[in-house]
Amino acid sequence: MQLSFDSDVDEFRAEFSAFLDDHLPSAAETLERPRSVSHMPQWARDWQRLLFDNGWLLPAQPPEFGGRNASVLQQYVHLEELCTRRIYHSFNPQGVNIVAASLITFGSDEQKHEWAVPVLRGERTASLGMSEPSAGSDLASLRTKAVRDGDDFVVNGQKVWTSGAHDADWLLTFVRTDPDAPKHKGISALIIPTDLPGVVCRPFADLCGEENTDFNEVFFSDVRVPAANLVGPLNGGWKVINGSLGHERTMMWLGFADRIANSIADFRPSNALERDEFASTIMDYQALRLLGSVGLAQASRGEVDVAAVSIPKLLGAEAEMRAAANALTGAGPDGLIHPSTSGPYAHMNLDHYFASWFERYARSFSGTIAGGTSEIQRNIIAQQVLGLPRG
């Protein structure tokens, strides 16, 4: 078993490391903090533009989209270098890693350059309009509808849990365009600017505090969207949905591993029970990295096993939550002090990565939901990996 990288991957890592050493913003330059996943202070926009211009934003993409045609293993060491230094990849993560990446895959040439590139360059921000009050994990049940009227679609409906919508310039929104088709067949994807008449974004707080207003309800009332904003074929949105979630899941396990590693570094057990649980966290972390490495090796050989991606996703999400729960319990009453800090300040990371143990635990639940719930991952593993019969 080869546990090292070839020279081209090591050289790629060294070049990126040197770039970070030379260009990383200082803490004094980053005093204004992001307030949602689609709010980018000017320093974050400037930093993302620098990454884009030098091919370090999305290394797998060609240079025109902020990359350098990197291999799978080169992409991995790029992300690993960011994680090691506690650097958040983009302060518009949905816009860069899901929305813009989806447009590059499914959009027209005009859409790629009019909508995706400005997001990648940090000039605009974007969010993802998927979930609805009655269509969360079962996205195919969405009911927001779009009816063709001349050169426009007229959109009516509601989204919820739309992260950063109130700060985003536009949403990649999934709508029902054929109500008579089977539910997977009648969905389309539209680019909807948030300043269009009839679009209302209502941010709401989460359990970590009234100031944490990232989530939104988004209402569409007779919103006229140019037909040119249709991404992919009419009624072909289910393929775009799967592609969007695929972009979100790519190397998702590494994010879980990063946060578990942070928990290991930031918490020290004080008794036998805590040491036993701490050891389990370390074993979970090592198992996750080994499973992730297996997937990386397969991907580098061109072997595609989409279902198997669910295994490290499930393990990572559950292990992160257990690690945070153990740390919160071990911290005792002090762990409930909020707001507070539980780790070293990292100016290029999100503030909640070193927030109170209460907040770190509360936020860990999102990993078991976003990108496919743990229940769905278990079904995929049972049916598509293990070949078990449906109950």
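Colleague: Why is Leu-57 called buried?

Modeller: The relative accessible area of Leu-57 is 0%. Buried means under 20%, exposed means over 50%, and partly exposed lies in between, with a 1.4 Å probe and protein chains only. Leu-57 has 0%, so Leu-57 is buried. This is a predicted model, in which local features need pLDDT of at least 70, side-chain atom pairs count only at pLDDT 80 or more, and totals for chains, interfaces and linings use all residues. Residues are numbered from 1 along each chain as its sequence is written, and side-chain values use heavy atoms, with hydrogens and water left out.

Colleague: Where does Leu-57 lie, and what is in contact with Leu-57?

Modeller: Leu-57 sits in the loop between α2 (42–53) and α3 (72–84). Helices are DSSP runs of H or I with at least four residues, strands are E runs of at least two, and numbering starts at the N terminus. Contact means heavy atoms within 4.5 Å. Neighbours within four places in sequence aside, the contacts of Leu-57 include Phe-52, His-78, Val-96 and Leu-120. Arg-68 is 11 residues from Leu-57 in sequence, and their C-alpha atoms are 9.3 Å apart.

Colleague: What makes Leu-31 buried or exposed?

Modeller: Its relative accessible area is 68%, so Leu-31 is exposed. Leu-31 is in the loop between α1 (7–23) and α2. From Leu-31 to Gly-292, 261 residues along the chain, the C-alpha separation is 35 Å.

Colleague: And Asn-92, buried or exposed?

Modeller: Asn-92 has a relative accessible area of 0%, so Asn-92 is buried. Asn-92 is in the loop between α3 and α4 (93–106). Residues up to four places away are not counted; among those Asn-92 touches are Val-37, Met-40, Arg-124 and Thr-125.

Colleague: Which residues of α5 are buried?

Modeller: In α5 (residues 109–120) they are Gln-111, Lys-112, Trp-115, Ala-116, Val-117, Pro-118, Val-119 and Leu-120. They pack against α2, α4, β1 (126–129), β4 (170–176), β5 (187–193) and β8 (230–231). Just after α5, Gly-122 has a positive phi of about 80 degrees.

Colleague: Why is Ala-189 called buried?

Modeller: Ala-189 has a relative accessible area of 0%, so the word applies. Ala-189 is in strand β5. Not counting residues up to four places away, Ala-189 touches residues including Leu-172, Phe-174, Val-231 and Val-240. Pro-233 is 44 residues from Ala-189 in sequence and 8.6 Å away, C-alpha to C-alpha.

Colleague: How do you know that Ser-310 counts as buried?

Modeller: Ser-310 has 5% relative accessibility, so Ser-310 counts as buried. Ser-310 is in helix α9 (residues 310–331). Leaving aside neighbours within four places, Ser-310 is in contact with Gln-377, Ile-380 and Ile-381.

Colleague: What makes the phi of Trp-161 worth a note?

Modeller: The value is positive, near 65 degrees, and Trp-161 is not glycine. Most residues other than glycine have a negative phi, and most peptide bonds are trans. Trp-161 lies in the loop between β3 (152–160) and β4. Asp-222 is another non-glycine with a positive phi, about 50 degrees. Asp-222 is in strand β7 (residues 216–226). At a relative accessible area of 53%, Asp-222 is exposed.

Colleague: How do you know that the radius of gyration agrees with a compact globule?

Modeller: The radius is taken over C-alpha atoms, and the globule rule is 2.2 Å times the number of residues to the power 0.38. For 391 residues a compact globule would be near 21 Å, and the protein chain has 21 Å, so the two agree. The C-alpha atoms fill a box of roughly 70 × 50 × 45 Å along the principal axes. The protein chain has 11 helices and eight strands. Buried residues make up 51% of the 391.
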